[in-house]
Amino acid sequence: MIWQCKPTLLAISVMLLSGCASDFNSSQRMQAPNNMPQQWQQEASSSVLKVQEQWLTQLQNPTLNKFVQQALKNNQQLLQTSYDVEIQKQQLIVSGSALWPSLDLSTRTSRSKDNRPVSYDNASSVSLNLTYEVDLWGKLSDSKREANLNYLAQQARFEQAKQQLVADVVTGWFDVVTSQQLLDLFKRREANAQQNLDIIESGYRQGINEALDVYLARNELNTERARIATQMANLSASARVLERLLGEYPKGAITASSDLPVINTDIPLGLPSELITRKPTLRASWYDLLATDASLAYAHKQRFPSLNLTASLSDSTDRVSDLFSPSSLAWSLLGSISAPLFEGGRLKANEEIARLNTQKQEQLYLQTLYDAFGDVENAISQQQSLKAQYSSTLEAQENALAAEQLSFEQYQSGLVTYTTVLDAQGRSFDAQSSLIDIKNQLIANRINLHVALGGDFAKPSSELKSNNDEN
């Protein structure tokens, strides 16, 4: 009588509990906050245009392209991230295997001796067991869904790591170029200081200049030499940073002879709403949120009954050759339903932990989203500021160079003191070095803006595109 009631009870349970499980199905589409602006606060005329892809080709630097390919191939940190992707891929296979039956084969052979009277017994057995858990409430599917979302999130993180690595390589290369240009500037300053010292010492021997001017000129020469020594160390350090990004030993042997390009043009910014699906970091955070939601569904359904089916085929005999003889085979089929009745609050606590983790991940997603918006806004503001600084510093450099030349000519004519010359030279040096730094900052900020906007240095992979389309 009990066996006749079980199918009916099972059907009623399915109908009642499936309604509880449906509450955990959430949308796969990435969500945006309600207060997201329609355009960037630092609005530009290009904000409505599509964000540029393949920004690396705009630099038109073959050496830099070679370095980027080398870094993508050899960078140890990127390789670690790629292994994390493969690990998550295998974890997805492990999780999906729970949806399939499990088939196990076991064999055993033994020989024993009995001394009263002396006799020998042989025994051999073999069994084939098939087990399968019916996914009544979609619990196993939720587990696989969680693993799949974790895999997609890791893929997105790998894509972001590639973009950041390329940005770091480009920035590192121009840091080396900047260090080299500053070193060349210091060497020119040293040569100029040496020339000034020779002129002043010659005038001093002729009784035209004072001893104080000689000491000041010598001090200026020593200062320039100290700057050269410091800058040589800075150049080696910049080269080592780039070499590590390339996956090489940090020898500090990379040299740069190219010039710093002046980048002061606007780039297409797109719309804030487009950033959500375009930037890999945001996709990864969204997939993490969906994964915690799937984990919550799994924890909730752990409290439901489970249905397991078991089938076995076995045989035992005293001779191995007689195994699987049709006359001696034994088989069994078993279906069982188990439901947790008392776990001391363990399952309820696990569900509450999963729920809190989901709420925590939701806030983390919003934090990541607003941080991404902040990165774009800061880069836009910085770009406008650097443009203004570049224009002012360029004009200041022209004036400072003219003042430096004029002050030394007036000094030779006895119109000004050598202190005035040193002051003019210092202003000229500051303007020239500042201009080099600002040009490098313009490049670095431009690259950071590309990354912040989610613009890829190359075309996104077809695999990533398909994953995004499906989810």
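This is a predicted model: local features need pLDDT of at least 70, side-chain atom pairs count only at pLDDT 80 or more; totals for chains, interfaces and linings use all residues.

User: Fine. Which strands form a hairpin, and how many residues sit between them?
Analyst: β1 and β2 form the hairpin, with two residues between them. Strand β1 covers residues 102-115 and strand β2 covers residues 118-134. They run antiparallel and are joined by 14 bridges.

User: What is the bridge partner of Arg-111 in β2?
Analyst: Asn-122.

User: Zoom out. How many helices and strands are there in the protein?
Analyst: Ten helices and four strands. Along the sequence the pattern reads α-α-α-β-β-α-α-α-α-β-β-α-α-α.

User: And how much of the protein is buried?
Analyst: Buried residues are 39% of the 471. As for contacts with a separation of 6 or more, 83% are between residues 24 or more positions apart.

User: Now helix packing. At what angle do α5 and α9 pack?
Analyst: About 20°, with the axes 10 Å apart. Angles under 35 degrees count as roughly parallel, so α5 is roughly parallel to α9. Helix α5 spans residues 211-245, and α9 spans residues 418-452.

User: Left-handed or right-handed crossing?
Analyst: α5 passes α9 in a right-handed crossing.

User: Which residues make the contact?
Analyst: From α5, they are Asp-213, Leu-216, Ala-217, Glu-220 and Arg-227. From α9, they are Tyr-418, Thr-419, Leu-422, Gln-425 and Phe-429. By class, that contact has five nonpolar, two polar and three charged residues.

User: Why does Gln-160 count as buried?
Analyst: Its relative accessibility is 11%, and the cut-off for buried is under 20%. So Gln-160 counts as buried.

User: What is Gln-160 in contact with, leaving aside neighbours within four places in sequence?
Analyst: Lys-279, Pro-280, Thr-281 and Val-451.

User: Last one, Glu-351. Buried or exposed?
Analyst: Glu-351 counts as buried, because its relative accessibility is 14%. Glu-351 lies in helix α8, residues 346-412.

User: How far apart are Glu-351 and Ser-295 in space?
Analyst: 8.9 Å, C-alpha to C-alpha. In sequence, Glu-351 and Ser-295 are 56 residues apart.

Note on methods: Residues are numbered from 1 along each chain as its sequence is written. Side-chain values use heavy atoms; hydrogens and water are left out. Axes are lines fitted to C-alpha atoms, for helices over the stretch in contact, and angles run from 0 to 180 degrees between N-to-C directions. Angles under 35 degrees count as roughly parallel, over 145 as roughly antiparallel, 65 to 115 as roughly perpendicular and the rest as oblique. A crossing is left-handed if the near helix is turned anticlockwise from the far one by less than a right angle, and right-handed if clockwise. Contact means heavy atoms within 4.5 Å. Ala, Val, Leu, Ile, Met, Phe, Trp, Tyr, Cys and Pro count as nonpolar, Asp, Glu, Lys and Arg as charged, and the others, Gly among them, as polar. Two strands pair if DSSP finds at least two bridges between them. Buried means under 20% relative accessible area, exposed over 50%, partly exposed in between (1.4 Å probe, protein chains only).
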